[in-house]
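Welcome! Please take a moment to look over the model shown here before reading on.

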Amino acid sequence: MRCDVLTLFPDFISGAMSQSIVKRAQDKGFLCLHVHNLRDYTDDPHRMADDAPYGGGGGMVMKAAPVFQAIDALREEEKDVRIIIPSPQGRPFTQKTAEAFSQDTRTLVFLCGHYEGIDERVHLGLSAEEWSIGDYVLTGGELPALVMIDAAVRLIPGVLGDPLSALQDSFTEPLLDFPHFTRPEGIRGLRVPPILLSGNHEAIRRWRRKEALRNTYMKRPDLLQDRLLSQEDQRLLNEILQDGPFTPGLAQTQEEPS
Ligand code: ADE
């Protein structure tokens with residue numbers, strides 16, 4: 001997967017992308033990331049990439065020329081580009097979008113706006129898509145671009161150590177994840193559910209399915225609405241309803257014997 005990020009704050013992107021799994025994904029060649037400073041595509045000696053809005057009013061607007069020049073330069077190198085503008089006005093970015101991005105063979109170009117926005121002629125002149133990561137307004141497109149790249153990269157086969165973990169994610173199917181535990185067996189009076197120590201794989205699978213359903217029922221009941229459940233899921237959900245309310249995340253943990 002090749003991603004190019006056009007930004008006024010290249011260190012923001014490079015810094016975040018030089019950590020953890022996305023860093024390893026680059027080292028192993030799953031992600032080829034190019035970060036471009038839009039100021040490098042300005043003509044004026046002050047490298048100004050923004051200017052006051054026509055019509056007056058506060059704030060600054062990102063100039064069209066540096067963006068057009070950066071995209072032109074990129075197109076010389078990469079013929080097949082998909083231009084993505086993070087924007088609160090865009091379509092909602094979901095797990096499905098992340099999957100589509102991760103499978104796209106085109107170069108994904110993230111154009112990060114800042115200040116009041118980007119000169120509208122950029123939107124008109126480039127056939128770009130706008131995507132939003134949520135109904136709130138951030139200071140710029142860098143964080144949303146990082147979110148989208150991260151969500152897509154981890155879906156590339158081989159990026160995650162365990163290929164099953166992406167499949168088990170919340171939202172891969174519209175169900176939240178089950179709770180996870182690691183050593184020690186007991187901490188602060190809370191124990192790992194004994195079934196996870198039983199070695200009984202079928203019982204563990206069933207427990208995880210039930211806890212995923214319980215999590216979804218308690219935290220995001222909307223995801224279960226209008227959903228056709230398998231016979232097993234329906235049975236597990238009936239059991240959950242009979243179990244009564246639990247503290248989310250601590251379901252079935254027991255007090256350590258004192
Ligand atoms: N830029 C500013 N806010 C944003 C959001 N919520 N999603 C995508 N891009 C943005």
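This report looks at a sheet, the helices on it and a pocket.

## About the model

The model is predicted, so to speak of local features pLDDT must be at least 70, and side-chain atom pairs need 80 or more, while totals for chains, interfaces and linings use all residues. Residues are numbered from 1 along each chain as its sequence is written, and side-chain values use heavy atoms, without hydrogens and water.

## The sheet

Find the five strands of an open sheet, ordered β2-β1-β6-β5-β7 with parallel pairing. Strands are DSSP runs of E with at least two residues, helices are runs of H or I with at least four, and both are numbered from the N terminus. Two strands pair if DSSP finds at least two bridges between them. At the edges are β2 (32-37) and β7, each pairing on one side only.

Look next at β5 and β6 (residues 107-111), which pair in the parallel sense over four bridges. Here Val81 stands opposite Thr107 in β6.

Helix α4 (residues 95-103) packs against helix α6 (residues 142-153) at about 70°, with the axes 8 Å apart. Axes are lines fitted to C-alpha atoms, for helices over the stretch in contact, and angles run from 0 to 180 degrees between N-to-C directions. The pair α4 and α6 is therefore roughly perpendicular (65 to 115 degrees).

## The largest pocket

Which strand gives the most to the lining of the largest pocket? The answer is β5, with five residues. Helix α5 (120-125) and strand β7 (128-132) each supply at least two.

How values were computed: Parallel < 35°, antiparallel > 145°, perpendicular 65-115°, else oblique.
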